[in-house]
Amino acid sequence: MLEHLHLDRARKLISLFGEPVIFHCHHYNLFLQQTIEDPEWIDGVSILRTAAQEIFYSLLQGAFKTLGVQQAAERLAVASQVFGFLGLGRLELQASPAGGEAQLTHSHYAEGWLSKYGDQANRTRPIDHLAVGYVAAALDATFGELGSYTAEETECMAVTRKDRCVIQATRLPRPQALVPSPGMGKPIERPAALPKPVTAVDYDAVNEALWSLPLAGDERGQIRAFNVLLTRMPANYCNRIQYRFLEELKAVQPGLQQVAEDLVRESGHVCVFYTFGNIMESLEWETLVGPMLEKDSDWIHGAYAVASSLGWGRWQALEVVGDHSCRVAIDGNYETNYFLASYPRADYPACYFAQGAVPAIMNLVYNGNIQHKPILDQVFYNRLFRRGGLFYGKETKAREKGDPWCEFYAERI
């Protein structure tokens, strides 16, 4: 599957069968899912499953067309292969036009939850909402059209502590009205002429080095790298669940809109702490980025060079004023590419993930002293992000409002 990844070097975007894909780790994926799943005023589980069915249907349609597979057995085999390649787990599908069964002998969400929380809590509800939507999408794309099938997880290893998850799919009397993915959305026409950053870090060299790594699911359907479980997540899945969550919560509980936005921003904090923290403590960082680091501000630039390698668009620190503030441009942010293809022009900045990620990088370097390789656990996270002197950020320019690129400012409060 690696040969089917398309790398847009200029825009720093990565796609698979016409769908943008981005790297995110299990800490971020679990936090964002829990944020959407927990509120009792909305059906968060439906948001998660429906979005997965819509986005993966589009991806699998592209895969079947590109690979020229027509037979049902071949299509189901490709669907299982794609699932594993993306780092979502090991999926075994048995299905006919009437429906079928899927078994996950490895699951990104269930095993991620068990590794993170399994010693502290017992889970009572199935967790594989993305996989449920994926199975329905696989049958849609194989036997019918979008919305033809529904699915349900009947066994979940996060609940049973057994060695598999089971998902049952059935055909509906008539298809649901679902919305396919917008694909690449509305990317920038050409990269902006941003000023060259003042740093010893060579952004392009970091990009090329990380793009050359063969990061793909192993025989268990897992991408283990940088001490985390990674996924090549379809960007539009993350976007769709994020924005639908905010829409639906606003519709039923308008007073919770600010809290909801803050929680989505917090997902950016969580992502930076675990993904970037572990990257910055890895041998790959020492080898590829370490020789370029001459001062603390170079760690900030190194982080943004890495961010530009993950399919997130072009991230660049424009100015780092020691441990006081940072100004960052994101040219072609994956959030905005989706937003502009899905909504009218915004009256407010809407890159919530990036709004949380930008100050978190400053916190990680200047408050967390990641240079000294602290132990990245929940105790350290609580101590780091719940004390005074933190960096807070805001989106000062936004493509979703008509600006040529998105710009963020983080400063110590």
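## Surface and charge

In this predicted model, the chain has an accessible surface of about 16600 Å², and carbon and sulfur atoms own 50% of that. As for charge, there are 38 positive and 48 negative ones, and their mean positions sit 2 Å apart.

## Overall build

The chain's radius of gyration is 21 Å; a compact globule of 413 residues would come out near 22 Å, so the two agree.

Inside, 60% of the 413 residues are buried. Take the contacts with a separation of 6 or more: 72% of them come from residues 24 or more positions apart.

Now for a look at the start of the chain. Strand β2 covers residues 13–16 and is covered on both faces. Leu 13 and Ser 15 are buried on one side, while Ile 14 and Leu 16 are buried on the other.

β2 pairs with β1 (residues 5–8) in an antiparallel fashion, through four bridges. One end of β2 gives a handy landmark: Leu 13 is the bridge partner of Asp 8. Four residues lie between the strands of this hairpin, where Lys 12 takes a positive phi near 60 degrees.

β2 also runs antiparallel to β3 (residues 19–25), this time with two bridges. Here Leu 16 stands opposite Glu 19 of β3. The β2 and β3 hairpin has two residues between its strands, and Phe 17 in that turn has a positive phi of about 55 degrees.

Key. Residues numbered from 1 in each chain as written. Predicted model: local features only at pLDDT ≥ 70, side-chain atom pairs only at ≥ 80, totals over all residues. Heavy atoms only, no water. Buried < 20%, exposed > 50% of the residue type's maximum accessible area, 1.4 Å probe, protein only. Pairing = 2+ DSSP bridges. Rg over C-alpha atoms; globule rule 2.2 N^0.38 Å. Contact = heavy atoms within 4.5 Å. Areas by Shrake-Rupley, 256 points an atom, 1.4 Å probe, with all protein chains shown as cover. Lys, Arg positive; Asp, Glu negative; His and termini not counted. Charge placed at Lys NZ, Arg CZ, Asp CG, Glu CD.
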